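Reader: I have a model open and want to go through one of its chains. Can you take me through it?

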Amino acid sequence: MDPTIDLSSLHALEIKTLRAFESGEEHELTDAVLPEAAGIGSGQVRRALEWLRSKGLLDVAGEATVSTVSLTESGVALAGIGATPEAALLLRANKEPAPTLKHLQADTRFDRGEWGSAYGGLKAEGTIRQDGAAIRIADPDRAAFYTERLVPGLFGRFREAGDGAALNLDDFTEEIQSYILERTSKRGKGKAAIRVDERLERTYRLTPAGRGTLERILESGLTGDEVSRLTPEMLQSGDWRDVSFRRYDISIKPPRILIGRLHPYRAYLDGVRRKLLSLGFEEMKGPLVETEFWNMDALFMPQFHAARNIHDAYYVKEPIRSNAPEEPFFSNVAAAHADGGDTGSRGWRYEFSPARARRLILRSQGTALSGRTLASGPNVPGKYFAVARCFRYDDVDATHAADFFQVEGIVLGEGINFRSLLGLLKLFALEIAQSDECRFVPDYFPFTEPSVELQARHPSLGWIEFGGAGLFRPELTRPLGVEVPVIAWGLGIDRMAMVALDIDDIRDLFSTDLDRIRNERENRPAAT
Amino acid sequence: MPTITVIREDLERLAGQTYDLPELERALEAVKAEVKVEDGALLRIQLKDTNRPDLWSSEGVARLLKGHREGVHEPYGFFDDPPGELEVRVDPALEGLRPYVAAFACEGVSVDEAALEQLIEAQEKLAEGYGRGRSAVAIGIYDASDLAFPVRYDAADPDATRFVPLGMETGLTLRDILSEHPTGRTYAHLLEGFGAFPLISDSRGEVLSMPPVINSRDPGAVEVGDSFLFCEATGTELDAVLLSVAIMAANMADRGGRILPVNTIYPYDTPRGREIRCPLDMTETVEVDLDDLRRVIGGAIDNGSIERALAAMGYRDVALDRNRVRARPAPYRDDILHPVDLIEDVIVAVGFDNFEPELPHDFTVGKSAPEEDLSDRIRGLMVGCGFQEVFLPILSSRADLTERVCDTGARIVEISNPMSENYSAVRNALLPGLLRVEAASRKAPYPHHIFEVGEVCVIARDELYGTRTEICLAALEAHADATLSGIQSHLEALAYYLGFDYSLTPSEHPTFLPGRAGEIRLDGNGFGIIGEIHPEVLENWGISVPVSAFEVNIDIAGTQS
């Protein structure tokens with residue numbers, strides 16, 4: 001154990017117990033005397049001894065079985081009278097005329113039975129003899145034991161120590177010891193005046209470390225009476241001036257409390273949202289249940305497109321379709337699909353099905369919100385974004401969650417072109433992926449031309465595909481009433497979130513395990 | 001997105017260049033292609049452009065790699081050759097069944113193992129992807145050395161006609177092939193309801209195939225060493241059939257074949273007449289205003305650069321004047337719908353690295369959605385109440401949303417094609433999710449205080465979509481002393497700070513203990529529910545501590561504040 005133990009780590013009871021050893025010879029004390037020496041209760045001593053032993057400040061020097069003597073109820077009564085029937089009998093027998101048993105029994109300090117057994121006992125051991133009816137002393141020395149030595153030597157001790165005390169048997173004179181043992185073993189329990197118990201007594205001794213600690217306690221003047229808490233009463237009375245406060249061991253950490261807290265993944269998305277707001281983007285919201293129209297048709301994805309079969313989106317069981325086509329957009333989009341309408345395109349050259357367009361699905365891409373925004377008379381110039389929950393027909397596994405987020409948006413204005421598209425993506429790489437290096441690679445989306453994949457060099461991941469973007473096709477914008485060029489962009493945010501949150505199974509982003517959620521540390525902010 | 005298997009050495013031979021992997025990956029960017037797997041001599045390459053089936057083969061990828069590198073493409077002059085003598089004759093009965101066919105022959109091609117594998121790969125990708133599972137287009141390739149022209153495309157009696165299908169030893173009727181041959185079973189649905197089945201045979205009556213299902217075993221099966229091939233495509237969309245044949249012809253020409261045109265003679269009208277010479281160049285001249293081009297690319301570009309770019313991307317007949325550029329796409333392409341498609345080709349050919357990024361300079365004001373602002377305020381208050389936020393999937397199951405909360409009457413939005421029962425319904429409330437967290441968190445030290453703010457979807461017949469997306473808040477506490485008044489004190493705090501003045505009326509909501517639940521009302525309208533969760537519900541979830549909870553629609557709670 002560390003001999004230079006921090007004094008502030010010691011409890012008040014430990015300090016008091018240690019200080020008690022100052023009085024002990026060779027720094028040894030028995031547990032019997034410790035409560036008194038330390039000035040604390042025996043239970044407190046027991047706890048303090050245990051702590052001090054575990055700190056290596058003291059150890060057990062020896063153990064012994066000790067017999068202790070205590071007064072029973074009738075013993076306490078005798079002590080109160082200040083005499084035993086034997087002593088009273090013998091004192092009377094010393095005087096003339098010699099008493100008879102009858103004379104004695106007239107003395108009501110003791111009852112007839114007590115006189116009787118005193119007489120019987122003394123006679124049997126030969127201290128008295130019968131002279132006709134009279135009782136005479138036969139053994140004056142033994143008689144003197146009862147009349148002079150027993151009461152002060154036994155009851156007198158209890159008067160000093162208190163009626164309830166337990167005294168060490170060995171501390172009595174030999175004749176009293178044999179008196180005690182004889183009385184406690186022969187008499188019935190109820191009648192006996194004294195009781196003898198055996199118990200294990202331990203002797204404790206300070207270790208060298210304990211002695212060093214004691215010295216330092218004495219030097220620093222610690223008494224264990226330092227106050228542990230500042231109370232309102234002390235402040236009101238001003239008593240705080242007169243007390244000293246126990247020093248704390250500030251190296252001990254308390255348990256972590258359970259706090260109210262935002263969810264780490266949602267907080268990450270909050271950060272992305274804040275960043276986009278700070279870049280001048282306006283937030284878009286829309287329904288979870290979408291029509292195929294807004295989710296696909298309005299985005300110039302032909303109805304025969306491979307990504308539109310039953311295995312790519314979730315279809316709503318009931319109701320099946322929206323209540324009505326949304327005009328003029330349905331007609332405009334149908335024309336753009338069929339032959340280009342007035343968009344300058346030749347179109348996809350097929351017959352557009354309005355019934356199919358009204359089919360209800362769960363939103364499968366955030367771009368649906370961008371289409372809706374274009375159709376709702378957006379600001380020009382304008383910048384919009386959405387953090388949109390999306391749904392795809394996929395097996396749920398470590399890389400596919402039941403539903404997922406897309407961060408998507410648009411930028412529209414007269415001056416929008418391919419170079420401003422690249423500029424915007426470069427800005428995203430810097431501001432959101434914290435990457436000052438990025439690359440642009442040709443890509444394909446049915447709704448943008450030209451289309452760009454954004455690769456960013458992430459500080460910990462290396463080169464990653466961070467987003468996809470492009471200029472919306474005129475076949476998309478014109479039917480929705482927009483005449484200016486529009487940048488459409490989307491960012492792969494879940495992978496970034498998984499890195500920031502140190503998660504490798506995407507399902508853990510939506511964990512139902514409260515322990516896990518509570519223990520998830522704060523991530524590095526997404527976009528600062 | 002289609003993914004093709006390519007033999008690396010074959011690809012490099014076709015492209016006229018060897019690449020190490022990083023070089024190849026870089027070069028493939030202009031093709032919008034990515035190496036997904038490298039497996040020794042084989043590469044798995046994903047093609048991102050779903051509208052360019054001409055790239056879905058090693059020939060197609062190599063063609064663009066080579067053209068882009070050298071700045072010039074093969075002219076594929078066979079598209080302009082005069083009609084030959086080879087013919088396919090079409091049975092009138094096919095008009096209502098599978099009306100279109102196109103074909104060509106190819107001589108002098110040396111079919112080695114690589115070529116054979118890649119021809120089959122191209123044929124399959126075209127038919128499965130572009131041809132939508134062979135329904136719009138199916139393709140057959142045959143050894144033509146024993147073929148007797150004209151080839152016939154007939155509607156045959158499915159019970160009276162028989163041949164030995166590929167992979168079998170004995171002849172079967174056409175109808176039996178659909179039930180007895182594995183490939184027949186796979187594609188049988190494409191002939192459903194047909195009184196007669198499409199059949200391709202030569203003039204002697206030797207059956208070549210029953211499109212779009214299976215080829216015949218004997219005559220015509222292509223083998224290594226063949227050099228004279230016949231290729232046909234049948235389908236329901238004429239231009240798709242013609243484009244598939246054009247792509248296959250270009251692929252075979254790239255392997256050194258000489259393409260022999262085949263005339264298709266229809267007894268009925270088609271969008272391109274009754275006699276169509278294949279392979280057919282269907283491309284039209286694209287005209288692009290140079291101002292539009294500059295507007296899209298965001299700056300000036302000289303005519304020479306445009307010309308070089310278009311040549312590198314395979315355009316023909318490029319003509320430029322002061323105001324416009326005219327060009328015809330390569331004959332195997334059908335993806336130029338709008339001038340922007342040509343403009344993108346110019347940008348890709350010039351190279352993205354050669355365009356200087358420029359920040360959009362318009363000033364715009366950032367603005368968050370009001371419902372998100374309200375959500376954030378509420379989330380802050382709930383955290384202040386000491387609640388841990390949870391964030392759960394919106395997809396759930398009918399059992400979680402109804403039976404497990406003893407609310408079997410709840411009407412929910414369900415998915416008609418769920419992938420799994422666990423994610424087959426859209427949550428109509430947040431509370432079931434919180435109970436799911438409770439059920440999974442018995443080991444987490446109590447007390448539990450959790451909440452979620454998020455979207456739910458409810459049935460709403462009179463809405464345009466018959467449904468409505470709402471934003472709700474649900475909060476739950478679980479511990480030995482959880483009570484109504486305990487959870488309500490948090491609702492009180494919310495109501496106080498948000499400034500809405502709710503009242504409770506007794507509710508018999510089956511999720512809650514009778515007599516200990518209330519409907520939360522505002523101006524006489526219910527907008528939430530609060531109470532102690534019914535022990536039966538707790539038992540359903542395996543939760544063994546008392547739980548009290550509330551849920552409110554914050555759209556409504558928020559309108560007062």
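Predicted model: local features only at pLDDT ≥ 70, side-chain atom pairs only at ≥ 80, totals over all residues.

Reader: Is chain B compact or spread out?

Author: Chain B is more spread out than a compact globule, because its radius of gyration is 33 Å, well over the 24 Å that the globule rule gives for 561 residues. Along the principal axes, its C-alpha atoms fill a box of roughly 90 × 65 × 50 Å.

Reader: What percentage of chain B is buried?

Author: Buried residues are 48% of the 561 in chain B.

Reader: Switching to the interface. How many residues of chain B are in contact with chain A?

Author: 79 residues of chain B, in contact with 81 residues of chain A. Elements that each supply at least two residues to that side of chain B include α10 (339-350), α11 (370-384), β23 (448-459) and β24 (467-478).

Reader: And how do the residues on that side of chain B divide?

Author: Into 38 nonpolar, 21 polar and 20 charged.

Reader: Now β7 in chain B. Buried or exposed?

Author: β7 (residues 151-156) is mostly covered, with 6 of its 6 residues buried. B:Val151, B:Tyr153 and B:Ala155 are buried on one side, and B:Arg152, B:Asp154 and B:Ala156 on the other.

Reader: Which strands are joined to β7(B) by bridges?

Author: Among them is β4 (residues 87-90) of chain B, which runs parallel to β7(B) with 3 bridges; there B:Arg89 stands opposite B:Arg152. Another is β10 (residues 197-201) of chain B, antiparallel to β7(B) with 5 bridges, where B:Phe197 stands opposite B:Ala156.

Terms used. Residues numbered from 1 in each chain as written. Chains lettered and ligands numbered in written order. Rg over C-alpha atoms; globule rule 2.2 N^0.38 Å. Buried ≥ 20, exposed ≤ 12 C-beta atoms within 10 Å, placed from the backbone. Contact = placed C-beta atoms within 7 Å. Helix = DSSP H or I, 4+ residues; strand = E, 2+ residues; numbered from the N terminus. Nonpolar A, V, L, I, M, F, W, Y, C, P; charged D, E, K, R; others polar. Pairing = 2+ DSSP bridges.
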